[in-house]
Amino acid sequence: MQSLKKAPNLYILFVSVLGSFSFLSSSDLRSITTFNISILCALVVANLILNYFLIPVPPNGNSLSMDSVIYLTSIFLFGTHFALYALLIHSIMNTILLYRTKWWKHIFNFSNYTLMIVISSFVFTFFGGKTGSISPSHLVPYILSLTVYFLINSSLIGIYFLLAERESLYVLLKELIKDKTFIFSYINIFLLTFVLSILLQNVGFFGLILFVCIALLLSIAFTQHFEQYQEIYAKANKDFLTGLNNHGYFKELLEKAVADFKCHDEPLCVGIIDIDDFKKYNDIYGHIQGDHLLQEFGNLLKTETEAKNYTVARYGGEEFSFMMPNTNRNQAFAFLDELRKKANDTYINGVEGLPYGCLSFSAGVAECEKETYSISELLNKADQALYVAKNQGKNLVKIFNSLLDYGVKKSLSIEKELDEVEQQLKIFLSKDVYTYRHSKRVYQYAVDFSRQLALSEHERKTLILGALVHDIGKIEIPRDILNKKGKLDPVEWDIMKKHVTWGKEIISTNKKLEEVIPLVELHHERFDGKGYPYGLKGKTIPKLSRILSVVDSFDAMTTERPYKKTKTVTEAIAELRACSGKQFDPQYVEPFIGMIEKLDNTEEFVTKTTVHS
């Protein structure tokens, strides 16, 4: 009884009872003559055959059923009672043949057709239509009867979906009007009903046989043409190498999805991913092996997205795009980050030669908003987030955030300095990928935090450059100490602390970077004077070094490394507050925490990547 409380179930029950009552009150077995019985059986057999050989209708794999042709012909030539008994016998036969279909669906279908037959038959006779023969003088009743037949059909099914899917009536009617298949089916049923009626009226059984043969030939011909259409349609919309959707088709689907989003207000996210160091892989192993990698990667994407009912496409080269309906930014991030880990664990010949020693990708996510003007804007946001993921060391997933400054290079006119520093920093890719990625993240934090502080343009530029190179001295640290999976002994720790001095020496060789030397050398000094290398205290430590200390420590606490437990954002914030006035200058702790809390609704400060080494 509990299931009957649901609106769709109550509706099915109501229609079934109403249809059954209409059949009992409208049918009259006495009206069926011996001749009519043979015609009735012939029509039922013809209906069963025609239902097996449906006529496919593009573009969505719809089919044109002949049921309605049989029933409407029965109404026009033999009357309501005859059509209802034709329906009853066909429904019984259909129930036997399709015994695996749930019983209530058969009853609901029977009741729908009963109501369609009874009401359209009433309209036909009410407007002057006469059964027994097809006459051009009754054209108006024919058209009205057929129109009502389809309106009843559309209404009964439409109400069910309205209750089951919670769609608005406006949306349902809009989709129905836009659907060319509906109009096409309407016209075809109308014409085929007259063809069958005229043939049956003039040449009897032979006319019915002739109609069935024509319908079968049409079904075979249309099926072949439809298969060719589907093949060409698929080729036009698929990428030939990976078998995924292509760029153009993806944008077409995204246009529709964004339009639906604005109507239904359900979450929608897009993602763009880029295989890391694919050019290097191509250069080492050649384009044939590179194509093989793309195919294998495409298979992985297809498997994972099909499970989620997401759409994936090859966006271009080694880039792939995702459309994720009914998914918010955090869910999209979780999906792509899990996919990233599966890619890391997927072995393809040669990936061990890449910087991370595995197949990896960087990804950007953007969520559609009411203010989104176009899909280009949405894709551009995902692309900007992808740029951040690439810029912070790769093998990362990032969510677009309007609070972040994606255009810092141009705004500060330091493109050249950043590029030069980046070239020096890239040596970490081969020696210590964790330090490289840490430096990239601290750089991004510095970009964002510098916007919150009352810094001059020059100070901001210095802080950002200093954040990027603050650990450059670790290049001189032996690899076994850098990558040691355990606590450093006193000798090793003394060597590690020298990275600030070695960093100063490296930076000193570039006059353009002289102003960042204090940040490189002093970012491990503590506000309470217990830091290194000099034990400076309070405001004797340069301001920008005190700021960098907060940013650097936060990322160090929340960075995932094999030998160290990662703190959550909440735990890291608590640690900052606990050390305020001790390790950190208190005037910068709370503003930094404020920035983190603003951004904490995204993954920006939650995700830390596990990488294969």
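**Notebook: a loop, a helix and a sheet**

I started with Asp28, which touches His81 and Tyr85 once residues up to four places away in sequence are left out. A reminder to myself: this is a predicted model.

Next I looked up where Asp28 sits, and found it in the loop between helix 1 (7-26) and helix 2 (34-52). I then checked its accessibility: at 22%, Asp28 counts as partly exposed, because buried would need a value under 20%.

My second stop was Thr114, in helix 5 (residues 103-126). Is Thr114 buried or exposed? Its relative accessible area is 0%, so I noted Thr114 as buried. For its contacts, again skipping residues up to four places away in sequence, I listed Gly19, Ser22, Phe23, Leu84 and Leu87.

Five strands make an open sheet, ordered 4-5-3-6-7, with mixed pairing. Why does one side of strand 4 and of strand 7 lack a neighbour in the sheet? Strand 4 (311-316) and strand 7 (397-399) are at the edges and each has a single partner strand, so one side of each stays without a neighbour there.

Strand 3 (residues 268-275) runs antiparallel to strand 5 (residues 319-325), and seven bridges join the two. I looked up Leu268 too, and its bridge partner in strand 5 is Pro325.

Terms used
Residues numbered from 1 in each chain as written. Predicted model: local features only at pLDDT ≥ 70, side-chain atom pairs only at ≥ 80, totals over all residues. Heavy atoms only, no water. Helix = DSSP H or I, 4+ residues; strand = E, 2+ residues; numbered from the N terminus. Buried < 20%, exposed > 50% of the residue type's maximum accessible area, 1.4 Å probe, protein only. Contact = heavy atoms within 4.5 Å. Pairing = 2+ DSSP bridges.
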